[in-house]
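Open your viewer and keep the selection tool at hand. This tour goes stop by stop.

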Amino acid sequence: MELFSNYLHIIFLVCIVSASTNDYDRSALLDFKNKIIQDPLRIMTTWNQSIHFCEWVGVTCDTSSLRVTILNLDSLKLAGTISPSVGNLTFLTGLNLRNNTFSGQLPQELGRLVRLQHLNLTWNSFTGKIPTNLSRCTELKVLDVNYNRLVGDIPDELSSLSKLVLFGLGLNNLTGVIPRWIGNFSSLYGISFLLNNFHGTIPDEIGKLSKLGKFQIYGNYISGMIPSSIYNISSIFYFSVTQNHLHGTLPADVGLTLPNLEIFAGGVNNFTGPIPLSLSNASGLQVLDFAENSLTGTIPRNLGNLQALYRINFDQNRLGNGVTDDLSFFYSLVNCTSLEVLGLDQNRFVGELPRSISNLSANLQILTLGSNFLHGKIPTEIENLVNLFLLGLEDNRFSGSVPDVVGKLKSLQGLKKSRNGIVVIAAIASAVFIAILIATCYVLKRRIRPPVVESQGYLSYFELLKATNSFSAENIIGSGTAGDFMGFLVTS
């Protein structure tokens, strides 16, 4: 009888502890609710005492312990701050507040969430520094705070987050250097440090990240050369270092060591030397953009083997050998049937515009060849480029008049004479232009310096609006006279 009594006592104590911990979770959630100041979708009305908190919108609990394991309030138009009581949700493995209007500082109490694996706070307005106590969240695999207003350096305390797969700090106002200890994150797949104020050099230790797929550091003040070891990470498919202060040459074998490249962009830097012939080995290459550098030589003819290419941009370099066949590579580009943008403005190309221009992709929308040393007549075959809306041929040495067939290019919307009596036909749908201008002004307002874009071609206005989330500044990733490119930043 005494044994049975002890057994009942133990069960009673377990029930008390369980009820107590559940109360902690309920109280923490109600504290979180009390910090919400805008809720147009009335999500928080479901957070009430009439139903168990495990059934509240956005809340997921463990089925046995009834402890909160996931809080997912993605894209619910909520505004407010994060209550420090969130640290009492000690069984939490996932916290997703992406695409809301949360503000204020991130509470140090987040460091109490020692089971946390996914933290996604992107597309909000958080301010202040990255909490050093996040160092206690050693199970974190995703730390994504892109598109906020965070300041300060990357805390050295975060070196304890050795299980990170995605490290997203982009589109903030962070300063300091890229820490060397990132090279110890052996599982790291994505580095997203774009559009901050980082300086210093790229650490050699990043070359140890054998699983790295995305390397995005564009729009900073990084200087020096790219460590050669990074070019040996064969898993990289997205490589963007646009608008920094980098220099050096592109490795001759880069297409062999990075065979999975899809995006290869380094515009607005100080790179020199030739375009590597080996790039033709990266069969999945879609964007090749090194505008505004000091590259020499000419365009490799074997780029025509890259049938997935939709953007080639080498505006404002020193390309061209000064011989009449400088544009002979045009013949090979007829195989790039997806090509939408070809930017060769402000180089040193000599020769006539080849008639094979007529065989370029029917999808071609932007072609810039201005400020070179081209001569002869503009071929009438240009009429086959029916989707062109930006054509730049200004400041060359063309003779004759503009072919009447140019009038058949219905997408072109402007005609301007250059100093040489030939034309710059510059047309961009006014709605797209205004929208991009607004996005640019928005970024300038937030960052004081211009946006960075890596060009990808153009879609219709409504497709572009959808693909860029209404021209969100997060998606601006490169620049050049061939136009702007907004790519989609993947978040977890």
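Is Asp23 buried or exposed, or does it fall in between? Select Asp23 and show its surface. Its relative accessibility is 39%, so Asp23 counts as partly exposed. Keep in mind that this is a predicted model.

**Stop one: a pair within a helix**

Arg26 and Asp23 form a salt bridge, with 2.8 Å between the closest N and O atoms. Color helix H1, residues 2–34, and you will find both partners in it. They sit three residues apart, about one turn of the helix. Arg26 is partly exposed too, as its relative accessible area is 21%. Why might such side chains meet? Side chains of opposite charge can pair when their charged atoms come close. The structure holds nine salt bridges in total; two further ones come next.

**Stop two: a pair between loops**

Select Arg180 and Glu205. Their side chains meet in a salt bridge, 3.0 Å from N to O. This pair links distant parts of the chain, 25 residues apart. Look for Arg180 in the loop between strand S12 (173–174) and strand S13 (190–192). Glu205 belongs to the loop between S13 and strand S14 (214–216). With 23% relative accessibility, Glu205 counts as partly exposed.

**Stop three: a pair between strands**

Move on to Arg311 and Asp289. Here the closest N and O atoms of the salt bridge are 3.1 Å apart. Arg311 lies in strand S22 (residues 311–313) and Asp289 in strand S20 (residues 287–289), so this pair ties together parts that are 22 residues apart in sequence. Which class does Arg311 belong to, buried or exposed? Arg311 is buried, with a relative accessible area of 0%. Asp289 is buried as well, at 2% relative accessibility.

Leave the side chains and look at the backbone. Most residues other than glycine have a negative phi. Where is Asn99? Asn99 lies in the loop between strand S5 (94–96) and strand S6 (101–105). At 28% relative accessibility, Asn99 counts as partly exposed.

Finish at Ser371. Its phi is near 55°, again a positive value in a residue other than glycine. Find Ser371 in the loop between strand S25 (366–368) and strand S26 (373–376). Ser371 is partly exposed, with a relative accessible area of 25%.

Technical notes. Residues are numbered from 1 along each chain as its sequence is written. This is a predicted model: local features need pLDDT of at least 70, side-chain atom pairs count only at pLDDT 80 or more; totals for chains, interfaces and linings use all residues. Side-chain values use heavy atoms; hydrogens and water are left out. A salt bridge is a side-chain nitrogen of Lys or Arg within 4 Å of a carboxyl oxygen of Asp or Glu. Helices (H or I, at least four residues) and strands (E, at least two) are DSSP runs, numbered from the N terminus. Buried means under 20% relative accessible area, exposed over 50%, partly exposed in between (1.4 Å probe, protein chains only).
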